[in-house]
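Biologist: I am new to this structure. Please show me how to read its features.

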Amino acid sequence: MTDRQSFASASLPRHLVRGTLGFGALAGSVLLIPAVGPAGLLLAPLGLLALRGCPLCWTIGLLQTISNGRLQRSCVNGHCELSAVRHAR
C-alpha cells in the first residue's frame, strides 16, 4: 500500500468485513437508542474506527482496493494519465 492509496486494504474480503462492522456499528448505535438510551451511541466511535474515519473514506478505499494493480498513473511534464495495466497470462 502506497501513500497515494492510503485508504485501500490488503484484500477485498478484509475491506468488506471492515465495512460490515463499521456500518453495522453505526446503524446499531442509532437503532439501540430507544432500547438503551444514549449509551447506544458508544458504538458510533467503534464504527468510525472500523471505517477509518468516515463512510466516504471507506468507499474511496473500496474503489482503490478493487482497482489495486489494475490501474497505473503516469505523469510526464505535468500531464498525468491513468491507464489499465496489461498482465501477461
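Modeller: Start with exposure: buried means under 20% relative accessible area, exposed over 50%, and partly exposed in between (1.4 Å probe, protein chains only). Arg 52, with a relative accessible area of 38%, is partly exposed. This is a predicted model, in which local features need pLDDT of at least 70, side-chain atom pairs count only at pLDDT 80 or more, and totals for chains, interfaces and linings use all residues. Residues are numbered from 1 along each chain as its sequence is written, and side-chain values use heavy atoms, leaving out hydrogens and water.

Biologist: Where does Arg 52 lie?

Modeller: Helices (H or I, at least four residues) and strands (E, at least two) are DSSP runs, numbered from the N terminus. Arg 52 is in the loop between helix H3 (43-50) and helix H4 (55-67). Its phi is positive, about 60°, although Arg 52 is not a glycine.

Biologist: What is the phi of Asn 77?

Modeller: Asn 77, also a residue other than glycine, has a positive phi near 55°. Asn 77 sits in the loop between strand E1 (71-76) and strand E2 (79-84), and counts as exposed at 80% relative accessibility.

Biologist: Is Thr 65 buried or exposed?

Modeller: Thr 65, in helix H4, counts as buried at 10% relative accessibility. Contact means heavy atoms within 4.5 Å. Leaving aside neighbours within four places in sequence, Thr 65 is in contact with Ala 8, Ser 9, Ser 11, Leu 12 and His 15.

Biologist: And how exposed is Ile 66?

Modeller: Ile 66, also placed in helix H4, counts as partly exposed, at 38% relative accessibility.
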